[in-house]
Amino acid sequence: MNSSATATILPQPFLPHQQNPNQNLTTRPQISIQTNNSKSTVNPTVQWTSSISRHCRSGRIAEAALEFTRMTLHGTNPNHITFITLLSGCADFPSQCLFLGAMIHGLVCKLGLDRNNVMVGTALLDMYAKFGRMDLATVVFDAMRVKSSFTWNAMIDGCMRNGDIESAVKMFDEMPVRNAISWTALLNGFAKRGYFEEALECFREMQISGVEPDYVTIISVLNACANVGTLGIGLWIHRYVLKQDFKDNVRVCNTLIDLYSRCGCIEFARQVFQRMHKRTLVSWNSIIVGFAVNGFVGEALEYFNSMQKEGFKPDGVSFTGALTACSHAGLIEDGLRYFDIMKKIYRVSPRIEHYGCIVDLYSRAGRLEEALNVVENMPMKPNEVVLGSLLAACRTKGDIILAERLMKYLVDLDPGVDSNYVLLANMYAAVGKWDGAGKIRRTMKGRGIQKKPGLSSIEIGSGIHEFMAGDRSHIESEHIYSMLELLSFDLKLCGYVPETVAGELYEND
């Protein structure tokens, strides 16, 4: 057998117009591009990288890795774009690509691209950050000889993504030049981690520094405003948005609708919605849920129907809004009908929030046994929100027996939640069952559970003022309590009798 018979036929990259990547490998003509009647050969590295990129964009990482293997077997050397493409593809699928990512890292190190090519190094550390391996991302970052703003931003985002806020702030402070993306990475990280006031403070510092926010920054700030309830700052940002090129950005408008809805300014939310040139399903869901939670039942259901007339198919969030509206209005039959339509017509599998709406629907109507039946027959384990709404209904109806049954569920879910114990103790105290109330107190003490003080807040002049029960630390406390006494006196004149529960029951020894 001669050597030519045993020669290996090297593979070629799979092109879209070809049906079989291994067909006619020996007779395939040279691929070329015709430009003004002159033939120029396509760079094979570009050709292979393009094929790998198509697989990565489609989420076919295994095929991309196979194509990369075929590329090396063909004798074509990958360039920095090839590695960036593969690393970015791996970053999008962290649970599947740890081994592949490490292998690519090894090849990159062998070529020295991790230290000498800023784009490859940035893609590499970004991949490790999305894998949750900030230790490896830091090793890559420290080894890089040249760092761009993209490199620093990727590290800040990675630290925030993985909950290392201190390192993110330190990285931000050490950054030589900060741009809008840098500020947004820090701000968005604060907001996503629940540090909303820090996010707003970060935005103030961004304004002082003279960096113009982009629409992504604005969305993050508006989300922080919505969670804190700072309507004043939200209004200022809205006025700022109206002067910008992105004033009609759908995502910004959707976030404004959510902000105004959560701050109780549903008319402002309606105005934003009506002025939108283009609406998405998220736009409709935001206004429907906004109407529902603010008690505008008719409007919520009207918009739910209008959405379908406009050609939008309702999803799980849409039905959550409709069910919430029915619950607030006591429309039991309508709520059950929507729940049935959701399952049978739109084929939307009910999630726990939908069952929670049905439980709340029955609970508000006083049909506690039917609510309990829903809880016991749910396909998933009920959470504390579902059980908590039913427990609150038990207090309204004075059904202590059912409340005791629910407490067993709640203790199994999270034995450390103080509010459920306090609610049951209040129910015992309200009917004079002091033994039961005392037992709850002893249980809390034995488990080390302390009643957390209630916290209220109010916004005045874009500033948030917080108060706890009996709190006299505020600089204006004397005037505040004088006003409270006046309001209490006026309420009593109108016939109001405050509910009294033995407060010493929850004193901590």
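**Before I start.** I'm working from a predicted model.

**Helix 15.** I began with helix 15, which runs over residues 266-275. Which of its residues are buried? I found Ile266, Ala269, Arg270, Val272 and Phe273. Looking down the helix axis, I saw these buried residues fall within an arc of 165°, so they line one face of helix 15. Next I asked what the buried residues pack against. My list has helix 13 (231-241) and helix 14 (250-262), plus helix 16 (281-293) and helix 17 (297-309).

**Salt bridges.** How many salt bridges does the structure hold? I got 14, and I looked up a few of them.

**Glu67 and Arg70.** This pair forms a salt bridge, with the closest N and O atoms 2.8 Å apart. I placed both in helix 2 (residues 61-73); they sit three residues apart, so about one helical turn separates them. Buried or exposed, I wondered? Both Glu67 and Arg70 are buried.

**Glu174 and Lys170.** Here I noted another salt bridge, at 2.8 Å from N to O. Both residues belong to helix 9 (residues 165-174), where they are four residues apart, about one turn of the helix.

**Arg115 and Asp114.** My last pair is a salt bridge whose closest N and O atoms are 3.5 Å apart. Arg115 is partly exposed, at 30% relative accessible area. Asp114 has 8% relative accessibility, which is under the 20% cut-off, so I count Asp114 as buried.

Definitions and conventions. Residues are numbered from 1 along each chain as its sequence is written. This is a predicted model: local features need pLDDT of at least 70, side-chain atom pairs count only at pLDDT 80 or more; totals for chains, interfaces and linings use all residues. Side-chain values use heavy atoms; hydrogens and water are left out. Buried means under 20% relative accessible area, exposed over 50%, partly exposed in between (1.4 Å probe, protein chains only). Helices (H or I, at least four residues) and strands (E, at least two) are DSSP runs, numbered from the N terminus. The arc is that of the directions from the helix axis to the C-beta atoms. Contact means heavy atoms within 4.5 Å. A salt bridge is a side-chain nitrogen of Lys or Arg within 4 Å of a carboxyl oxygen of Asp or Glu.
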